[in-house]
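Thanks for coming, everyone. I will walk through a few places in turn.

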Amino acid sequence: RIAAEEGNPPLGWMSPWVNQSAQTPDLLAEAGLRYTLDWPMDDQPIRMQTAHGPLWALPYARPTNDISALHGARMPPRQWVETLFDAFDGMLEMSRRRPLVFNLSLHPYLIGHAHRLKPFRPFLEHLAAHRREVWITQPRHILKHVEALNHAGLL
């Protein structure tokens with residue numbers, strides 16, 4: 001249905017609440033999906049082998065996710081934004097030695113309130129100020145990049 005409506009089938013998957021069974025990676029690969037966001041164990045994509053071929057685990061950091069911080073940890077918005085600044089700046093410095101993925105997941109029903117948007121806007125400006133140093137993109141583009149690197153033998 002997604003392919004019919006969007007023109008392309010989905011490339012990736014994220015289980016509800018980033019929760020899955022031991023069989024999920026095999027089922028995803030069998031269904032033709034090429035990445036998952038369910039394994040937040042690294043800041044770089046990781047190629048996993050399943051019974052049905054490779055499946056990429058793309059970074060999905062929970063500390064920078066608004067639902068984990070604002071809802072789950074009940075972190076005040078300004079504290080969460082301070083965490084974003086520290087995480088981004090720290091990873092930007094570390095990325096000078098090796099590429100990293102800084103994940104920022106936003107949910108409109110959380111971030112969309114004025115009391116959360118106001119402290120968040122300076123962080124968006126900070127990201128924009130670094131747009132020549134970072135690649136602001138989506139998981140499907142990260143997938144295509146790492147697949148190309150892997151195909152070229154660079155991973």
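Start at Met-75. Setting aside residues up to four places away in sequence, Met-75 touches Ala-69, Leu-70, Trp-80 and Thr-83. Keep in mind that this is a predicted model.

Now widen the view. Met-75 belongs to the largest nonpolar core, which has twelve residues in all. Ala-69, Leu-70 and Trp-80 are in this core too. Which helices supply at least two residues each? They are helix 3, helix 4 (77-94) and helix 6 (114-129). Helix 4 gives the most, with five residues. In general, nonpolar side chains in soluble globular proteins tend to be buried together.

Asn-65 sits in the loop between strand 4 (53-57) and helix 3 (66-72). Is Asn-65 buried or exposed? Asn-65 counts as buried because its relative accessible area is 1%, and the cut-off for buried is under 20%. Its side chain makes a polar contact with the side chain of Tyr-60, at 2.5 Å. Beyond its neighbours within four places in sequence, Asn-65 is in contact with Tyr-60, Trp-80, Ser-105 and His-107.

The largest pocket holds about 970 Å³. How many residues line the largest pocket? The count is 32, and the closest to the centre are Leu-100, Val-101, Phe-102, Trp-135 and Ile-142. Helix 4, helix 6 and helix 7 (139-151) each give two or more residues to this lining. Helix 7 gives the most, with five. By class, the lining has 24 nonpolar residues, seven polar and one charged.

On to the second largest pocket, with about 270 Å³ of space. Its lining includes Ile-2, Glu-6, Asn-8, Tyr-35, Gln-138, Arg-140 and Lys-144. Pro-9, Pro-10 and Pro-139 are also among the lining residues. Helix 1 (2-6) and helix 7 each supply at least two of the lining residues. Helix 7 gives the most here, with three residues. This lining splits into six nonpolar, three polar and three charged residues.

One link before I stop.

Notes: Residues numbered from 1 in each chain as written. Predicted model: local features only at pLDDT ≥ 70, side-chain atom pairs only at ≥ 80, totals over all residues. Heavy atoms only, no water. Helix = DSSP H or I, 4+ residues; strand = E, 2+ residues; numbered from the N terminus. Buried < 20%, exposed > 50% of the residue type's maximum accessible area, 1.4 Å probe, protein only. Polar contact = N/O pair within 3.5 Å; in protein donor to acceptor, adjacent residues only side chain to side chain. Contact = heavy atoms within 4.5 Å. Core = buried A, V, L, I, M, F, W, Y, C linked by side-chain atoms within 4.5 Å. 1 Å grid on protein atoms, 1.4 Å probe; cavity = no way out; pocket = protein on both sides within 12 Å on 5 of 7 lines; lining within 4 Å. Points joined across faces, edges and corners; volume = space filled by probe spheres on them. Nonpolar A, V, L, I, M, F, W, Y, C, P; charged D, E, K, R; others polar.
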